[in-house]
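The sequence and the model are shown first.

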Amino acid sequence: MAVFAVILLSDPEGEPQLPEGPGADELASDPLPDGATDSDENEALASANAPPLPTESGPLVVDLRYLGGLDQERIRPKRSGLLEGQVLDAAKEGLAGVRLTIVGGPQDGWTTISREGGSYTFPELLPGTHWFRLVVPGYGETVRSQRVQDRGRTRRDFRVSKPVAFELEVHDHQNKPLAGALVRAEGSLFETMTDDRGLALVTGILGGDRVAITVEAEGHVPIRQELNLLRQIDAGPPIQVPALMKGAVLQGTVRSWPGGPLPMVTVLPRSNRIGTHQVLWEKWQQVPVDYDGRFRLENLPTTHMIDVRIFHPGGVAEPRVRAVRPGPDTATTVHFVVKRGEGRVAGRVLDAAGEGVAGSRVVLEAEDPSALLAALYPGLAESPSTVRLPVPAALRRELITGRSGKFDFAVGDHPKGTGGMVLTVSKEGYTPVRKPILRSYEDLRVELDPEDRSGALVLTQSGEVEAEVRWFLDGEPLAEASGLRVGLYDLVIRSGDEVLRHDEAFALRGVQQLSPK
């Protein structure tokens, strides 16, 4: 059996889980010799002559990320991006305890918390543009975006400052003052409307660099404007946003689909070069059709050739894609049919007694998400990009099992040459399981074992003064490292920004002592 190792994704109870470590091919090792223990393998017993620990950098931070069970193969989708940096105030002082959470896209809900000095790390991100919600103690909430590069480190320092106030000036597609436009500050509850002069007073939003403000108006393309608001803006002329573009309408029908949830419509630009406007493309991602299969998407830009795709967990759309350029005067119409298609991954989730496990969360995802997205949406590879990563069905299909524990996915739309797939099964009280999927299955059996929470860690320190120890599990603080699931963990011990120890596959079983070095 293979082991679930997704991190930062929301589990069925809504609690985020955090990113896993390297793939199984990077962790291959010889079996333990006879008589050896996991404590031997992990050097868990501190040596008597361990060097003194640095204490001038503040507390020791132990960051644990659960990867899966001990005696099962670890398999995971490939995610080659890494984002790191600091959360800083206006004076460039680090802010600790800031919760950063990905909003939308394939990794929606992944989270981390800034450490001493404001440092944060987001490992194993998909390359592309992500949106991050920052909850800043003593300040409030704000949302920022960042494009993560492929195969390497991307650095971004998020700067926030106390709430600011300013006026925004909005014009229509004829460059006339636009009344009734909706102005929002992303990541806050603030919203207001422009008056007859096209002016909106924006107040009480967190300042900072690249603060995102959105503007939406009937008949016009919705846009996002990023502003530098590190300090209070003195009285002066309003900030002008580019005149809004006239919007177009795309409508259509999904004439049939194989039951289950409603099909979803997603629209993305075929080419994604930034112009004078940052279009809110996410407004037309994963939009459900109505119960008659109809959909109507309004205020699309007329400046882009767009790809229209229909997604459904149990079927494949025909045609796979419609490429259109919406016209400014009349609605553009497209039609689709969703069929079961060739190729299924179907089976049952069972417990140790062979009974179906109801309420199991079953996810089928691409083994190489970046390759799949590049095959479906070549425009996403263009840089810079403001298009949030989409979630096509071939990238990720998900369902909750019924009483019998059955699941059934279509896989006929998986692009050739983009690798295999990974099936993940999880349920509260059981050890998550992952299986590689390289072909179709009609009766795949996935067995769940009860989870073992007898794991605990004790950090041993040498020297006259012991440093304070702060424990984190999947981004959440722990009072103590006890009641942990037995299994594999990605383990990092830091003193300030210095990494004292990093075990990519720490095997935890029972109570173990842990050396910082």
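## Basis

The model is predicted, so local features need pLDDT of at least 70 and side-chain atom pairs count only at pLDDT 80 or more, while totals for chains, interfaces and linings use all residues. Residues are numbered from 1 along each chain as its sequence is written, and side-chain values use heavy atoms, with hydrogens and water left out.

Side chains of opposite charge can pair when their charged atoms come close. The structure holds 32 salt bridges, a salt bridge being a side-chain nitrogen of Lys or Arg within 4 Å of a carboxyl oxygen of Asp or Glu. One of them joins Arg224 to Glu186, with the closest N and O atoms 2.9 Å apart. Arg224 lies in strand β15 (residues 223–229) and Glu186 in the loop between β12 (182–185) and β13 (191–193), so the pair ties together parts that are 38 residues apart in sequence. Strands here are DSSP runs (E, at least two residues), numbered from the N terminus. Both Arg224 and Glu186 are buried; buried means under 20% relative accessible area, exposed over 50% and partly exposed in between (1.4 Å probe, protein chains only).

Glu451 and Arg485 also form a salt bridge, their closest N and O atoms being 3.9 Å apart. Glu451 sits in the loop between β32 (441–447) and β33 (456–459), and Arg485 in the loop between β35 (476–478) and β36 (487–495), 34 residues apart. Glu451 is buried, as is Arg485.

## A salt-bridge network

Arg361 and Glu398 meet through their side chains in a salt bridge of 2.9 Å, N to O. This pair links strand β27 (residues 361–366), which holds Arg361, to strand β28 (residues 396–400), which holds Glu398, across 37 residues. Arg361 is buried at a relative accessible area of 10%, whereas Glu398 is partly exposed at 36%. Both belong to a network of salt bridges that links Arg79, Arg361, Glu365, Arg396, Glu398 and Arg434.

How many of the six residues of strand β18 are buried? Five are, and the strand (residues 264–269) is mostly covered.

Strands pair if DSSP finds at least two bridges between them. β18 runs antiparallel to strand β20 (residues 287–288), joined by two bridges, and Val265 stands opposite Val287 in β20. With strand β22 (residues 306–311), β18 pairs in the antiparallel sense over six bridges. There, Pro269 stands opposite Ile306.

Technical notes: Helices (H or I, at least four residues) and strands (E, at least two) are DSSP runs, numbered from the N terminus.
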